[in-house]
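Morning, everyone. Please bring up the sequence and the 3D view, and we'll walk through them together.

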There are 2 protein chains.
Amino acid sequence: MKLRIFVTLKPGVLDPQGRAIHHALGSLGFAGVDDVRAGKVFELEVADTTTDDAIDGMCRQLLANTVIENYRVERI
Amino acid sequence: MKLRIFVTLKPGVLDPQGRAIHHALGSLGFAGVDDVRAGKVFELEVADTTTDDAIDGMCRQLLANTVIENYRVERI
């Protein structure tokens, strides 16, 4: 079973990486960019028997810092 | 117009971050994880007039290292 897990900063949390990219795009001459938010995506190949609880556990214990990040699991 | 841009390593390119996560998941006791690939996701808010060429340019010039990474643009 293939999973895609998105980890993004919670709204309101400062995103320095996104800010830097936004600034750099402007310097490169790309107009019309209003906002940039950076995040992570993990593609996991797991056994079909892997439970939702186990997947949640992987996200909460390792893949996301739930204090400042949200995560979303997608089965592909 | 909101865009989501996925940047992932090309198949065959060594993914040390994915390897480290895979190892760490095992150490945390999560069984059944066969593979982990790490990537980036960027959410951009851009003007509706932004052309496909401009978006491609943003990806090629800044967001992705096209030597080792693939990128995919999704309009949301």
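Let's start with how the two chains relate. The same surface serves both copies, since 100% of the contact residues of chain A recur in chain B. Contact here means heavy atoms within 4.5 Å.

A word on the source. This is a predicted model: local features need pLDDT of at least 70, side-chain atom pairs count only at pLDDT 80 or more, and totals for chains, interfaces and linings use all residues. Residues are numbered from 1 along each chain as its sequence is written, chains are lettered from A and ligands numbered from 1 in the order written, and side-chain values use heavy atoms, leaving out hydrogens and water.

Now the interface. Chain A gives 32 residues to the contact, and chain B gives 32 residues. The area buried between them is about 2600 Å², with 68% from carbon and sulfur atoms. That is accessible area (1.4 Å probe) lost on putting two parts together, summed over both. In chain A, A:Phe30, A:Val41 and A:Leu62 lose the most area to chain B, together 19% of what that side buries.

Next, the sheet. Which order do the strands take? Six strands form an open sheet, β3(A)-β1(A)-β2(A)-β2(B)-β1(B)-β3(B), with antiparallel pairing. Strands are DSSP runs (E, at least two residues), as are helices (H or I, at least four), numbered from the N terminus. Two strands pair if DSSP finds at least two bridges between them. β3 (69-75) of chain A and β3 (69-75) of chain B stand at the edges, each with a single partner strand, so one side of each has no neighbour in the sheet. In chain B, β1 (2-9) and β2 (33-46) pair over seven bridges. One bridge partner pair is B:Lys2 with B:Glu45.

Last, one residue. A:Arg4 sits in strand β1 of chain A. Buried or exposed? A:Arg4 is buried, with a relative accessible area of 15%. Buried means under 20%, exposed over 50%, partly exposed in between (1.4 Å probe, protein chains only). Among the residues A:Arg4 contacts beyond four places in sequence are A:Phe42, A:Glu74 and B:Arg72.
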